[in-house]
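I am opening my notebook on this structure.

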Amino acid sequence: MASSVWNGLPRLPWNRHPDVVEGLVLSGGGSRASFQIGALRYLYDVVGIKPQVVVGTSAGSILGAMIAQHADPDDQAQAVRTIERLWYGMDQQSDMFTERPWFTRLRRRGTDWMALLQREAARPAPSWSLPRLNVPFLSRDEDADPAEHPDSSVVGEQTADPEELTGQAETLRLAMDDTVPTGLGWTPSMAMGLMSMLPRLRGASGDLSLILRGADATRSMYHPGPILAALLDPEVFAADAVSRSGITARFAIVGLHSGALHFMREDGRIVDRDDRLLSDDVHDVSRGVLASCSIPAVFRPVEIGGEWYIDGGTREYLPAEMAIGHLGASRCYVVSSGATGLQPATGFDTKSMLTVMMRATEILSDEGSRDEVAYARNAGAMVIEPEFNVHDPLTVDPGLIRIARDYGWLRAAEAHLELSRAERSIHREIIELRCHAHTLEAARLAARKSLDEPDTLDELAEVKTRIRHLLTRVRPEVLPEDAEQWWQSAEAHPRAASEHVAQLGD
């Protein structure tokens, strides 16, 4: 049976569900989930939403799983505040995206190797002879001594025997594991290519061994940063609470074997995109949430029930159809962390592999989200999305995270109160001015100059004065409680920069 697609007409689930069912749909977006956190704070604190159905994908699955632990709206609101606290605790990109040791080694050595190869390529080619190879991965003795390679990916950090771990503790181990197996599949062409390269790379064989083995074993450049351990702390999240709460939950995942969009339910079972049960097997919900966030090549795929799963956003960035069309959410709040329509980006000749991968994912997500947003609007959902992106999905900057959070609050207020275009334009200008102030402050800190030096103060003062003026034109009920700080204080910055400012002031 072919899977259903949206034909441009809204589903009418309320014909089948006479009682109002409140739903919440959360998109992906990496660190841009800060926008969703702000929107959720407004929806819970001001609107007083009481979702019975929660559907998420990628970063939205993290938020959704935290909320779905509780049936009581007050407890759900507290879960959102907990996520906000954890998001505010991030200080740099590695807090969310931590390089695997093999990729760190490749990045450090790759530039030197390429320069060497370019120099060697300019020389006359020597007569070919079989080099003497003493390379671990071309021999049967492939167990490297961790003491000889302290920064290698040979041994992953483990605090317990893997066989003793279960549930979300096992999920955390799988996500963070850097262990490289002793066996590595390789082809004759790969061996011949390496044999021709090794004589010119002079002693690089050990590094190449570790890099290739690490890449083959982990199938990803990064593992989740410390934020994952914080989210999976038993004091913060309990997977069994999701199944016991009574909330109907779905978390989007995509199978590598089948290529199909599936969802993990609140009870740990997997359904297809039409909410039909695929198996009676029960899995830990945290495993499904991890799979939903597994951006291809950035994070490793996650095995669940014999299938390998990746980020749900590769198929559905904003899974409103599941909530509205299949789970009967007749009053639905749909929160997208990314603006529809991509802003131009430059500099990809020098940007990192992770940036390129995330840009490609962003392009794919944007194409799909257009129809998904249109479906949600036509089905009568309240859609909350940014008009522009405060930062990209990779950026972990304390100031930008807070600005995006406040923007989410304002956009939720605009949708709820149906504010005029003129009022919305004031909000946008305030957020843009805060971004500009953050940029000015960051530039001064990067130049190792205090924020109170005259040439910084003049321009910053103009920006802050303008923000103060605009705030007088905003309805008081629209603003979060700390809005006065937007013009009275500097934006937040990474701890290293803040410590530098303190040193300059001493």
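I count two strands as paired if DSSP finds at least two bridges between them. I am working on a predicted model.

**Entry 1: β1, β10 and β11**

I started with β1 and β10. Five bridges join them, and the two strands run parallel. I then followed β10 to its pairing with strand β11, residues 382-384. Those two also run parallel, with three bridges between them. Here valine 334 has valine 383 in β11 as its bridge partner. I checked how covered β10 is: four of its five residues are buried.

Which side chain meets glutamate 22 in a salt bridge? I found arginine 331, at 3.1 Å from N to O. Arginine 331 lies in β10 (residues 331-335) and glutamate 22 in β1 (residues 22-26), so the pair ties together parts that are 309 residues apart in sequence. I looked up the accessibility of both. Glutamate 22 has a relative accessible area of 8%, so I list it as buried. Arginine 331 stands at 41%, so I list it as partly exposed.

I moved to arginine 250. Its first entry in my list is a salt bridge with glutamate 266, where the closest N and O atoms are 2.9 Å apart. This pair links distant parts of the chain: glutamate 266 sits in the loop between β6 (261-265) and β7 (270-272), and arginine 250 sits in strand β5, 16 residues away. I noted that glutamate 266 and arginine 250 are both buried.

Aspartate 275 also forms a salt bridge with arginine 250, with the closest N and O atoms 2.7 Å apart. Aspartate 275 is in the loop between β7 and α10, 25 residues from arginine 250 in strand β5. Why do I call arginine 250 buried? Its relative accessible area is 5%, and the cut-off for buried is under 20%.

I also looked up the total for the structure: 26 salt bridges. One network of salt bridges links Arg41, Asp45, Arg81, Glu84, Arg405, Asp406, Arg434 and Glu491.

**Entry 2: β9 and its partners**

I went on to β9, residues 307-311. Four of its five residues are buried. Strand β5 (residues 248-255) runs antiparallel to β9, joined by three bridges. In that pairing, isoleucine 253 has aspartate 311 of β9 as its bridge partner.

I then checked β8, residues 302-304. It pairs with β9 in the antiparallel sense over three bridges. Isoleucine 304 has glutamate 307 in β9 as its bridge partner. The hairpin of β8 and β9 has two residues between the strands. In this hairpin, glycine 305 takes a positive phi near 60 degrees.

**Entry 3: helices α1 and α2**

How do I describe two packed helices? I use the angle between their axes and the distance between the axes. For α1 (residues 33-47) and α2 (residues 59-67), the axes come within 10 Å and cross at roughly 35 degrees. The crossing is right-handed. I listed the residues that meet: Ala33, Gln36, Ile37, Leu40 and Tyr44 from α1, against Ala59, Leu63 and Ile67 from α2. Of these contact residues, seven are nonpolar, one is polar and none is charged.

I then asked how covered α2 is. Nine of its nine residues are buried, so α2 is largely enclosed by the rest of the structure. Among them I noted Gly60, Ser61, Gly64 and Met66.

**Entry 4: helix α5**

I looked up the buried residues of α5, residues 167-176. They are Gln168, Glu170, Thr171, Arg173 and Ala175. What covers them includes β4 (222-224), α8 (226-231), α9 (239-244) and α10 (285-292).

**Entry 5: serine 220**

Is serine 220 buried or exposed? It counts as buried, because its relative accessibility is 2%. I placed serine 220 in the loop between α7 (205-218) and β4. Leaving aside neighbours within four places in sequence, I found serine 220 in contact with Arg100, Trp102, Ala215, Ala297, Val298, Phe299 and Arg300.

Note on methods
Residues numbered from 1 in each chain as written. Predicted model: local features only at pLDDT ≥ 70, side-chain atom pairs only at ≥ 80, totals over all residues. Heavy atoms only, no water. Buried < 20%, exposed > 50% of the residue type's maximum accessible area, 1.4 Å probe, protein only. Axes fitted to C-alpha atoms, helices over the stretch in contact; angles between N-to-C directions. Left-handed = near helix turned anticlockwise from the far one by under 90°. Contact = heavy atoms within 4.5 Å. Nonpolar A, V, L, I, M, F, W, Y, C, P; charged D, E, K, R; others polar. Salt bridge = Lys/Arg side-chain N within 4 Å of Asp/Glu carboxyl O.
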